[in-house]
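Subject: Structure handover

Hi,

Here is the structure I promised you. My notes follow below it.

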Amino acid sequence: MTAKKSVSPRLLAKAATGILGFDEISRGGLPRNRTSLVMGGPGTGKTVFALQTLVNAAQERKQPGIFVAFEEGPDEIRANAATFGWGLPALAQSAVFFLDARLSPTVVQSGDFELSGMLAILEAKKRDLGAAWIVFDGIDVLLALLQNPSAEMREIYRLRDWLARNELTAIITAKVDGNNSRPTSYGFMQFMVDCVIRFDRRLEQEISLRRLEITKYRGSDFAPGEFPLSFGPQGMDVATPGTAEILADAVTERVSSGFEGLDAMLGGGVFRGSNTLITGAPGTSKTTLAGKFAESACRRGERTLFVSFDEGGERIQRNLTSVGIHLQAYVKSGLLRMYSGRTDVNNPEEHLIRITALIHEHRPRCMVIDPLSAIARTGALNSARAIGNRLIYKMRDHQVTALITSLVGGDDPQAEATELQISTIADTWIHLSYQVRSGERNRALSIVKSRGTQHSNQVRELVLSAAGPALAAAYSSGGEVLMGTLRWEKEAEDRTQKRRQQAEFAYKRRELQFAEADIAARITALQLDLNKQRTELALYTSDDEARDASSDEQENALRKRRGAGAADMLAPVLEKRRVARTSARPRTNGGKEPRRGS
Amino acid sequence: MARKKRAKADATGEPVTTVVVMCLYVAGRAPNSVKAIANLEAICRRHLKDGYQLEIVDVCEHPHRALSDGILVTPSLTKVSPGPASNVIGNLSDTSSVLAALGLHAGDPQ
């Protein structure tokens with residue numbers, strides 16, 4: 001606290017509130033030994049914030065605290081806090097000391113007063129307890145009695161000096177309505193304190209939403225903006241974007257989605273700890289798939305939580321029995337917990353609280369929410385979206401394998417994207433739809449996305465029977481998948497066609513064999529023909545030579561007949577004729593010589 | 001000890017009907033506490049001739065006493081008896097409201 005220390009403003013000591021989201025956005029909690037102002041309208045959560053901080057400090061760090069209650073009696077506050085799992089009743093008065101600072105309604109006021117007496121009393125109490133924390137809850141009630149802005153300011157100063165002297169980490173809560181009638185003193189109080197947290201509750205489409213914003217934090221960085229807050233079993237829960245950091249490990253273990261056909265389409269099931277979104281119009285059997293998923297989880301002996309909206313658990317069990325899904329035994333054994341919420345009563349925030357409480361209580365490994373879209377029906381789409389997302393992250397953080405159904409109006413799965421916008425964070429997205437053709441309404445299932453898995457791209461028909469849901473064999477025709485009777489017809493037609501095709505093939509094969517034999521026979525015939533031709537040719541050649549030889553013999557015979565003397569005269573003529581015959585064939589008529597006659 | 005006790009006997013000779021027993025809680029020498037003591041003494045002089053008993057408690061010195069008495073705001077005047085207990089906070093500058101709280105009539109100076 002010395003002036004020299006101001007050179008290192010980063011070393012501002014902080015005191016954690018133990019309210020997870022808040023410590024995150026405030027980068028560590030409230031300023032230690034300084035004063036924080038918590039302001040907001042009635043019912044915004046100021047008291048819960050202050051008390052939870054005090055209880056956490058007392059329990060986790062053994063720092064005693066004093067709670068000065070100006071507005072509600074300590075008994076009321078204790079009773080209200082008993083709904084949270086803080087173990088407040090078990091805490092000794094020495095850990096959290098409640099001081100009833102309400103003025104009796106019969107008290108008469110006469111003139112000005114000071115807080116110095118009260119502070120003297122608190123100082124004594126602080127020494128007794130060794131308190132590190134103090135809460136002034138609803139100090140505006142007391143200050144309002146001063147009826148004088150300058151007197152109020154004087155007492156606020158007195159309070160500040162006292163707090164600084166006593167080294168207490170203080171939380172002052174004050175009611176500030178939307179139409180703040182006395183802005184001056186609280187405006188001043190905001191300057192006085194080191195940290196200002198504004199709580200807000202407003203109606204959005206008839207649903208009240210609570211928010212928190214740090215508007216000032218001297219010497220410290222903080223997350224700007226409003227953060228939604230809700231009340232869970234452990235008290236206040238501030239939703240921060242930081243908690244959305246995915247801490248869960250990537251697991252490769254596969255969990256059955258409920259039945260074999262779908263597992264096969266998903267490449268072996270869904271990943272452990274992942275969440276699957278099933279969208280579809282009413283009656284597309286989303287609940288049946290959810291029931292099947294729950295049943296298979298129970299069959300593996302895993303604790304399961306089935307959250308339904310609009311329909312009671314008993315009715316769901318009865319309806320699922322008709323499609324061969326039996327949950328009763330698991331409900332009885334306590335393995336399966338059914339919870340059904342009414343959407344006309346609670347706002348989305350309260351559903352989140354209930355479901356979170358159930359996750360803590362039942363510690364499920366698998367979980368169903370059917371349908372999540374119900375939380376958006378009560379209005380306030382923005383908050384329903386935020387809550388849907390937080391729920392999914394919550395399940396992911398707890399490594400719960402979840403199946404969430406969501407009702408969409410049209411046949412287009414993209415319609416979901418405009419509503420709850422869960423599809424963007426869901427790991428697997430299955431869409432169910434109707435295909436109305438040939439006077440039938442058939443259910444179609446397709447996988448829109450599935451992170452990290454090789455999944456089928458085909459639209460399949462979902463068939464429900466007493467044996468449970470199943471996927472029919474895929475029949476596509478003309479670019480469309482056939483379903484229902486059309487599929488049956490197609491199946492029968494296909495069988496007939498197959499037989500016809502087989503017969504046709506056999507016939508064709510025989511025909512071809514015949515043609516082959518025919519060609520082979522023709523080849524043989526032609527070969528024979530060729531041989532005949534060759535023989536004929538050979539015959540002709542030998543005949544011609546034979547004729548040449550006989551003409552030579554005739555000349556010799558003629559020479560012999562004319563006598564030996566004539567042979568010398570004839571010799572050169574005969575020689576000449578032989579040469580001419582070899583060079584110019586055929587000259588068949590070589591017997592008559594023109595010169596020979598002279 | 002800051003505790004003061006005063007008991008005034010009846011001086012006029014009229015029969016003593018009631019003795020008002022009061023306790024005033026103050027915070028040391030804080031301005032409003034000082035004013036309250038002065039104002040109360042003036043009121044007693046004028047209106048409580050019948051007799052009264054006043055205890056002044058300094059909460060700075062006796063915080064545990066104040067705590068057990070359920071007192072936080074100072075100055076604070078408590079009427080212990082007679083009749084129903086009543087409580088007045090402030091420096092007691094508004095005489096009529098103090099008298100009303102003590103069960104006396106404002107327009108009755110004697």
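Helix α1 (residues 31-47) of chain B has 17 residues. From first C-alpha to last, α1(B) reaches 24 Å, close to the 24 Å expected at 1.5 Å a residue (the expected span is 1.5 Å times one less than the number of residues). Helices here are DSSP runs of H or I with at least four residues, strands are E runs of at least two, and both are numbered from the N terminus.

This is a predicted model: local features need pLDDT of at least 70, side-chain atom pairs count only at pLDDT 80 or more, and totals for chains, interfaces and linings use all residues. Residues are numbered from 1 along each chain as its sequence is written, while chains are lettered from A and ligands numbered from 1 in the order in which they are written.

Back to α1(B). Its buried residues are B:Asn32, B:Ser33, B:Ala36, B:Asn39, B:Leu40 and B:His47. They cover an arc of only 125 degrees around the axis, so they sit on the same side of α1(B) (the arc is that of the directions from the helix axis to the C-beta atoms). On the other side, B:Pro31, B:Ala42 and B:Arg45 are exposed. Buried means 20 or more other C-beta atoms within 10 Å of the residue's own, exposed means 12 or fewer, and partly exposed is in between, with C-beta atoms placed from the backbone. The buried residues of α1(B) pack against β2 (20-26), β4 (76-81) and α3 of chain B.

Now the interface. Chain B puts 27 residues into the contact and chain A 18 residues (contact: C-beta atoms, placed from the backbone, within 7 Å). On the chain B side, α2 (63-69), β5 (86-89) and α3 (95-101) each supply at least two residues. Strand β6 (residues 108-109) of chain A runs parallel to β5(B), joined by two bridges (strands pair if DSSP finds at least two bridges between them). There, A:Gln109 stands opposite B:Ile89.

Chain A has 16 helices and 25 strands. Of its 598 residues, 37% count as buried.

Which residues touch the most other members of the largest nonpolar core? They are A:Leu54, A:Phe67 and A:Val68, in a core of 95 residues. Such a core is a set of buried Ala, Val, Leu, Ile, Met, Phe, Trp, Tyr and Cys residues joined through C-beta atoms within 7 Å. Helix α2 (residues 46-60) of chain A gives the most to this core, with seven residues.

Best wishes

Notes:
Two residues are in contact if their C-beta atoms, placed from the backbone, lie within 7 Å.
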